[in-house]
Every structure is written in structure tokens, then in C-alpha cells.
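Please look over the sequence and the model shown here before reading on.

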Amino acid sequence: MLEQSQIEDFQKNGAVLLKGVFADFVETAREAIEENMQNPSWRERTYRPDDGGQAFFQDYVVWDQFDGYRALVRDSAMPELAAKLMQSKTARVFHDHILVKEPGNSVVTPWHQDQPYYLCEGRQSVSFWVPLDPIPRERTIEYIAGSHRWGKDFKPQRFDGTDLFEGDTSEAVPDVDNLRDELDILGWEMEPGDAVAFNFRTLHGAPANASPNRRRVISMRWVGDDAVFAKRLGTTSPAFPDLDYTPGTPFDAPEFPVLYTE
Ligand SMILES: O=C(O)CCC(=O)C(=O)O
């Protein structure tokens with residue numbers, strides 16, 4: 001399912017397209033999205049734009065609560081693909097992020113890295129961005145090739161542009177939209193069940209959904225052998241308020257099961 005060249009592209013660019021890898025899980029994952037929207041978790045965060053347009057539903061850490069998500073995570077090739085891409089002996093679940101941009105939703109996902117607001121750290125990480133609807137090139141998620149190797153952790157911000165952590169003096173995310181000609185920007189037209197695998201440090205962003213169709217996505221995050229707990233300047237996203245941990249110790253807790261071992 002995975003060519004050596006795809007592992008190399010993932011390592012070099014921090015993002016790679018995987019065609020059709022989860023196609024068998026699309027129908028059940030769509031059912032799970034409907035169930036999840038009827039029964040959101042306490043972490044749900046839905047943006048309802050002031051322009052009266054349709055919502056952007058988000059939920060987190062629900063992969064083990066709905067059959068269709070659980071099947072995608074446990075029964076597909078995802079755990080093994082994660083380990084191979086990360087060049088790790090193990091693949092450990094971190095969490096899922098469910099994202100539904102309804103038709104005409106105006107929320108742009110700003111350019112950001114995920115790593116700076118997570119409660120784990122490591123070089124071996126991968127998220128699978130799995131669309132459940134067709135995504136044309138002009139509405140696809142985009143990545144800056146190689147940005148996971150820039151050695152930078154940019155300041156995390158909310159989608160409305162406010163800082164996530166008070167007093168955070170780290171460097172702001174560059175103005176990517178004005179630097180597009182100088183950067184190597186990756187993005188692909190996608191079919192339901194395709195995936196982009198990307199590193200937690202790869203800069204990425206996604207456009208609004210100016211289309212008459214829904215844009216349903218499951219973004220599933222994994223870590224490898226080198227993952228450790230990390231302390232941030234404030235509450236991580238997603239938050240795990242009941243978790244007691246020591247920064248720098250192995251990232252190991254029942255919430256984060258290892259689903260693949262070489
Ligand atoms: O789908 C989007 O709009 C953004 C997804 C994203 O930022 C992620 O999966 O980390």
C-alpha cells in the first residue's frame with residue numbers, strides 16, 4: 001500500500017498524498033459523522049460565522065465512541081501506515097479531529113503548525129487528513145514542503161487570530177499568502193478515502209468552503225517511539241484535563257493506545 005518513495009516524500013516534504021487507502025471505510029465514517037453531530041462531546045467547538053452562513057463543526061477525541069470512526073482507526077491499514085511513514089517500530093493513537101465545513105461556510109483555516117499546542121513532543125508524528133467528500137484542488141488543504149524541518153515552532157493562534165497562550169512571545173507564523181511564489185506549496189485534488197499524511201510540524205492551512213457541497217474530514221493523529229509528554233504555556237488543544245503527567249516522560253497513557261508494533 002505504501003511505496004518507499006512515499007515514505008521518502010513524507011520524510012522530506014512533511015506531507016504526502018496516499019490515494020484510495022481508506023476508501024473501504026468512507027461509508028461507515030460518514031455515518032459516524034452524523035451520529036457524532038447529533039451527540040457531540042464536551043470538546044466540540046463549532047464556528048458559526050457572523051455572516052449568517054453555515055457552520056464549521058469540529059469535535060475531538062471521539063474516535064473510540066462511534067463505530068465508523070473506530071473501524072477507520074483500528075481495522076484499516078492506518079496504524080501500519082503510520083508506523084512506516086514515521087519510521088517507527090510502533091504507532092500510538094494520539095487523537096482525532098473531526099471537521100465539517102458545511103456548504104458555503106466562510107471560515108478559512110489559517111496557516112499553522114499543530115505541534116506547538118499539543119501535549120506531546122517528538123520527531124515521529126503523523127496526521128492523516130481523510131476527506132469523506134470530493135475535494136477539488138482549489139478547496140484542498142495545503143502544506144509548505146519541508147517546513148517541518150525549519151527548526152521552528154511558530155506561535156499558536158486561534159482561528160480568529162488571537163493567541164492561544166497568553167504571554168507567548170514565540171515567532172509568528174509567516175505571511176504565507178504573500179510569500180506563495182517563494183515557497184513550495186503542496187496540495188492535491190482528492191477523492192473520498194484518499195489521505196494526506198503530514199507531520200505535526202508541517203505548516204498547513206485550508207480555504208473556506210465556497211461550494212454547494214459539504215466538506216467532511218477526519219484528521220487522525222499518531223505518534224511514534226520517540227513521543228514524550230510536553231508542557232505548554234497554557235491549556236493544550238485538545239485538552240486532557242484529567243491526565244496527570246510529567247513533561248519529558250514517555251507518552252504513555254490508556255487514552256493513547258499503541259495499535260501497531262513491528
Ligand atoms: O481541514 C481543515 O480545515 C484543517 C485541518 C487541520 O488543520 C488539521 O488536520 O490539522
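Predicted model: local features only at pLDDT ≥ 70, side-chain atom pairs only at ≥ 80, totals over all residues.

Residues are numbered from 1 along each chain as its sequence is written, and side-chain values use heavy atoms, with hydrogens and water left out.

The ligand is surrounded by 13 residues, where a residue is near a molecule if one of its heavy atoms lies within 4 Å of it. The closest are T109, D114, W129, R215 and S219. By class, this shell has five nonpolar, four polar and four charged residues; Ala, Val, Leu, Ile, Met, Phe, Trp, Tyr, Cys and Pro count as nonpolar, Asp, Glu, Lys and Arg as charged, and the others, Gly among them, as polar.

Several strands take part in the shell. Strands are DSSP runs of E with at least two residues, helices are runs of H or I with at least four, and both are numbered from the N terminus. At least two residues of the shell come from each of β3 (90–101), β4 (109–112), β10 (204–206) and β11 (215–223). The most come from β11, which gives three residues.

In the side chain of R215, an N or O atom is 2.8 Å from an oxygen atom of the ligand. For W129, a polar side-chain atom lies 2.9 Å from a ligand oxygen atom. The side chain of H204 has an N or O atom 3.0 Å from an oxygen atom of the ligand. Taken alone, the ligand exposes 290 Å², and the protein buries 99% of that; these areas come from the Shrake-Rupley method with a 1.4 Å probe, and for residues only the protein chains shown count as cover.

The space taken by the ligand is the largest pocket, since a molecule is said to sit in a pocket or cavity if more than half of its atoms lie within 2 Å of its grid points. On a 1 Å grid over the protein atoms alone, a cavity is a set of points where a 1.4 Å probe fits but cannot get out, and a pocket is an open set with protein on both sides within 12 Å along at least five of seven lines; lining residues have an atom within 4 Å of a point. The largest pocket has a volume of about 750 Å³, a volume being the space filled by probe spheres set on points joined across faces, edges and corners. Its lining has 40 residues, and H112, Y117, Q157, R158 and F159 are the closest to its centre. β4 gives the most to this lining, with four residues.

The second largest pocket has a volume of about 210 Å³. Its lining has two nonpolar, six polar and three charged residues, including F10, M86 and R201.

The structure also holds one cavity of 30 Å³ or more. Among the residues that line the largest cavity are H112, P116 and V173.

Two backbone features remain. A cis peptide bond joins S237 and P238, with omega about -5 degrees, and P238 lies in the loop between β12 (228–229) and β13 (258–261). V61 is not a glycine, yet has a positive phi of about 55 degrees; V61 is placed in the loop between β2 and α3 (67–74).

Methods. Polar contact = N/O pair within 3.5 Å; in protein donor to acceptor, adjacent residues only side chain to side chain.
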